[in-house]
Amino acid sequence: MIKNICCIGAGFVGGPTMAVLANNCPEIIFNVVDINNEKINNWNNNDLNELPVYEPGLSDLIAKLRGKNLFFRTDVFHCISIADIVFISVNTPIKSKGLGAGQASDLKWVESSARTIAENAKGHTIVVEKSTLPVRTAKLIKTILNSSTKKENLSSPSKTFSVLSNPEFLAEGTAINDLTYPDRVLIGGNDLSAIEDLKNIYLKWVPKEKIVTTNLWSSELSKLTANAFLAQRISSINTISAICESTGADIKEVSTSVGLDSRIGDKFLKVGPGFGGSCFKKDILNLVYLCKQYNLDEVAAYWEQIVEVNNWQKNRIYKTIVSKLFGNLSDKKILILGFAFKANTNDTRESAAIQISCNLLNESAEIIFHDPKVDRQQIEKELENYVENYSSIDFSKSKISFSKNIYESATDVDAILILTEWDEYKNIDWQIISKKMRSPSWVFDTRGILHQEVFNIPGINFWQIGNGKFSQKD
Ligand code: UDX
Ligand code: UDX
């Protein structure tokens, strides 16, 4: 009988996932722990606007459950020692140096979590991989856990472990809904009793036909494959957007027509500035690394191309802007609308906005950033990280400013660039904006959110991604 669950990692995945589990299992205590004390303090903040993760519906759950059966704590060792199940939900970024640098996942946090569990667990503990991991990571975790039991009397060890893979499929911005109504819950493992225990938790709210059990390696690989397929669709539609601009076709019409084929389906065919988020690039590069390790070079090259196309999409947007502004951005001001990697999240990891704005700054443009949920420090941190990794990019911080008011900050700008599809950008009064901008003024809509009617507003030149109407006019 599962009574106590611990989750290591109070991030974008751990926090919302445990909140939904706690909501559906009031009889189980959930302790979410993190090595970052400040993050735990923020999860415990009385002001629900200050939670470390913004997700629609999350603050209501936290208000309802925190202190009842959901706790955010820093006493990691104790929480592990009393847990029947420990979820590992720590970050697994791409390795920055050494073997596999730039492609393989850095598993140091997973490894240290496994060691901490090995040292502190008591009795039988089910260890669940929630983080997205390279195939066969469960073996690494098992080896570390078992090495701790080997030091004991083998006939009656005081601790035993089962390892399961239970990947997350939540998308940020819709995490609570995705967790509440999942398409499927995947549980990989070979210990039937542990699988049953975890399955029984999900059965509290997920129909049984949606719970799929597989072997460990299939579960790990399914997660990587699902993300690779989703990213592949986005890169595919983004390549077609360029053909639309050249030929006069309209990407929205093309993607609607293509998506109506039930064999293809209409999801993940939205054109954009290139996919971002912590998962897609990392998971594909992980798959690429795996293929190379098994000498599957053609397979590796195939998947690597998805990431290449994504970079190309970001670069071609930046080049379009430079070209429309007469090839010169010095002494020009650009207002960037949106820095989050998609709407309804404050997450900026791998956001297309990072690469595009750094390239514009490198051309000596002055940039004003606006985002309803991302703060100034976060934007500065992302830009600094990018410059550190790409030493060819150079700009002065004095060229950057931040605004919370779109209309005020449009004064005298030469261009407005929409990079995130926030609802408030869909209803901008372009009549007002047109009078404030410096002429000739340009609006670049990289998310295809503006309607045809606004394109006729006098005083502004519009460019919309994948919309051939504008290339014909040129
Ligand atoms: C998750 C997954 O775990 C990752 O594999 C997936 O690909 C993306 O989503 P996410 O929750 O988004 O990661 O990461 P993040 O928001 O950075 O949260 C991870 C948390 O783990 C951080 O708060 C970090 O402080 C914490 N952590 C890290 C620990 O508590 N212990 C560690 O040893 C390492
Ligand atoms: C993704 C997966 O969807 C999720 O299942 C997995 O668990 C984690 O990774 P996430 O990164 O949160 O989720 O967001 P997602 O909605 O998949 O969007 C990723 C990126 O693709 C965003 O930058 C988004 O703007 C972009 N995108 C998405 C498009 O450009 N077009 C689309 O049609 C869909």
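Which side chain has an N or O atom 3.0 Å from an oxygen atom of ligand 1? The residue is S131, whose side chain supplies that N or O atom; the pair is a polar contact, defined here as two N or O atoms within 3.5 Å, where within protein one must be able to donate a hydrogen and the other to accept it, and residues adjacent in sequence count only if both atoms are side-chain atoms. The model is predicted, local features need pLDDT of at least 70, side-chain atom pairs count only at pLDDT 80 or more, and totals for chains, interfaces and linings use all residues. Residues are numbered from 1 along each chain as its sequence is written, chains are lettered from A and ligands numbered from 1 in the order in which they are written, and side-chain values use heavy atoms, with hydrogens and water left out.

Backbone atoms also face ligand 1. An N or O atom of the F12 backbone lies 3.0 Å from a ligand 1 oxygen, and a backbone N or O atom of T132 is likewise 3.0 Å from an oxygen atom of ligand 1. Of the 690 Å² of accessible area that ligand 1 has on its own, the protein covers 92%; such areas come from the Shrake-Rupley method with a 1.4 Å probe, and for residues only the protein chains shown count as cover. Ligand 1 is surrounded by 21 residues, the closest being D34, K39, V90, T92 and K282, where a residue is near if one of its heavy atoms lies within 4 Å. This shell divides into six nonpolar, 10 polar and five charged residues. Here Ala, Val, Leu, Ile, Met, Phe, Trp, Tyr, Cys and Pro count as nonpolar, Asp, Glu, Lys and Arg as charged, and the others, Gly among them, as polar. Domain 1 (4-214) and domain 2 (241-472) each give at least three residues to the shell around ligand 1; the domain bounds come from an automatic or database assignment.

Ligand 2 has a shell of 19 residues, of which E172, K270, F341, K342 and R447 come nearest. The shell around ligand 2 comprises 11 nonpolar, two polar and six charged residues. Helix 9 (residues 216-247) contributes the most to this shell, with four residues; helices (H or I, at least four residues) and strands (E, at least two) are DSSP runs numbered from the N terminus.

Among the strands, strand 5 (residues 123-129) and strand 6 pair in the parallel sense over seven bridges, pairing requiring at least two DSSP bridges. Within this pair, V128 stands opposite L164 in strand 6. Strand 6 (residues 159-165) is largely enclosed by the rest of the structure, because six of its seven residues are buried. Buried means under 20% relative accessible area, exposed over 50%, and partly exposed in between (1.4 Å probe, protein chains only). Helix 1 (residues 14-24) is mostly covered, with nine of its 11 residues buried.

Backbone geometry provides the last topic. A cis peptide bond, with omega about -10 degrees, joins S439 and P440. E350 is not a glycine, yet has a positive phi of about 60 degrees.
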